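Open the model in your viewer and keep the sequence panel beside it. The stops below are given in the order in which to select them.

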Amino acid sequence: MIGQITEDVWSARGRRVVDRCDTLGMGPYSDMEGGLFRPYLGPAHHATIERLTEWMTQAGLSVRLDGAGTLIGRYEGSVPNAPALVIGSHIDSVRDGGRYDGMLGVVLGIEAVAVLHAESLRLPYAIEVVGFGDEEGSRFPVSMLTSRAFAGTLGGQDLTLCDAAGVRLDDALAAFGLSSRSLPDAARSPADLRAYLEVHIEQGPVLEAERRSLGVVDAIAGQYRFQATVRGTAGHAGTMAMSLRRDALAAAAEMVLAIETCGRAGPDDLVATVGRMEVRPGASNVVPGEVVFTLDIRAGNDVVRGRAADAVCAALHQIARRRDVSLDLVRQQDLPATPCDPSLTAAMAAAVARTTGAAARHLVSGAGHDAMVLAAITPVSMLFVRCAGGISHHPDEAVEAGDVTLALRTLVHVVQSLDTPDCATRTRSDHDD
Ligand code: HGY
Ligand code: MN
Ligand code: MN
């Protein structure tokens, strides 16, 4: 076990995690001026991998890039080829996003290994710190591409998927020095892995409202992604009589309100969102002929989510019929609600209690995470860190260094506690951090 580490050293390490996330929150680690946008396989992704490789190497990790572009740092254990403990999150971001969503879990994982490395401590299993390149789906229409490649659940991914600029996924992989043929090589065997731990900002208001630094995640809400295409008739804004119009945007607008009504009709954890809409031809003096919009439906319970999706689909088709427009509604993704592993979560909760002095707050995550994909091949647990105002997917996303320090101490504690056969039941109260 690690020796006595002073409060100052822990605080300095927590501070460094925050500073590193801040460093990566701007150019060249962002592909947008004046904010953060780090899409999968873009120049910022490449620059970020280079910087993370530098920090991983300093922390004693040997680094590689897998076939999907996931960065993997490995810290060998004392028992060769024992199943590895994986710690990680995603390094991509939404457009004009925050500096800590995803990246905090990767940089904090590196710092946890740096603590062990500084003590020349080797556990009886390897530790891998991973940075998934696409969790948000902010470039291509589907999300979790790289953790699904890692979990071997990518299936016959449509490599002809295009980003907004019309660049195909397989061409983007090639431009990054990867090949679509190498995607399957990223798949890991469940036998290789011991567990997956992800530290992530809460992206919600609960921990702040209850004045808590940390929380543990019992389950992650399931999510659907749809793409809706509404087609009417484009026409001259000055001469097309209102009574003759098949206005695709007016129909889509009514559909968005119907989606909101369905979302509000369910339990609090049911949410329905239209995040992006394209209006074509998009001229001020042309009645819109076609509208494409995204639809995101989530709930902690898959029955509730399924019923809500059915209600939304029925409502949208009814609006299309009444307005004599066509509606093409394609479900692009279905990520089931995912429980976290109970014994790992108990170990995480015990570590939170030890580092914070208070019983851990258990939460359901409304946000999706790579952990829901990794759960297909290994037990997963998530640790939430308070974020200011619960704000996320926004440049005002913020964390307190003190909370990050507590998260680091908790993670290091859990990592060490997993070497006991019954890690869930034994709290290692007699141990230094
Ligand atoms: O959409 C989500 O929940 C995650 O931020 N990708
Ligand atoms: Mn996100
Ligand atoms: Mn995230």
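Predicted model: local features only at pLDDT ≥ 70, side-chain atom pairs only at ≥ 80, totals over all residues.

Residues are numbered from 1 along each chain as its sequence is written, chains are lettered from A and ligands numbered from 1 in the order in which they are written, and side-chain values use heavy atoms, with hydrogens and water left out.

**Stop 1**

Donors here are N, O and S atoms within 2.8 Å of the metal (3.2 Å for Na, K and Ca); water is not among the atoms, so sites may look incomplete. Asp-101 sits in the loop between strand E3 (84-90) and helix H3 (103-118), and Glu-136 in the loop between strand E4 (127-132) and helix H4 (145-151), so the pair ties together parts 35 residues apart in sequence. Helices (H or I, at least four residues) and strands (E, at least two) are DSSP runs, numbered from the N terminus.

**Stop 2: the manganese ion (ligand 3)**

Which residue bridges the manganese ion (ligand 3) and the manganese ion (ligand 2)? Asp-101 does, and the ions lie 3.4 Å apart. His-200 is in strand E5 (residues 193-201), so its pairing with Asp-101 ties together parts 99 residues apart in sequence.

Now colour by accessibility, where buried means under 20% relative accessible area, exposed over 50% and partly exposed in between (1.4 Å probe, protein chains only). Asp-101 is buried at 6%, and His-200 is buried at 1%.

**Stop 3: helix H1**

Move to H1 (residues 7-23) and show its buried residues: Trp-10, Arg-13, Gly-14, Val-17, Val-18, Arg-20 and Cys-21. Seen down the axis, they fall within an arc of 160 degrees, so they line one face of the helix. The arc is that of the directions from the helix axis to the C-beta atoms.

**Stop 4: H1 against H3**

Show H3 again: residues of H1 including Trp-10 and Val-17 meet residues of H3, among them Leu-104 and Val-107. Contact means heavy atoms within 4.5 Å.
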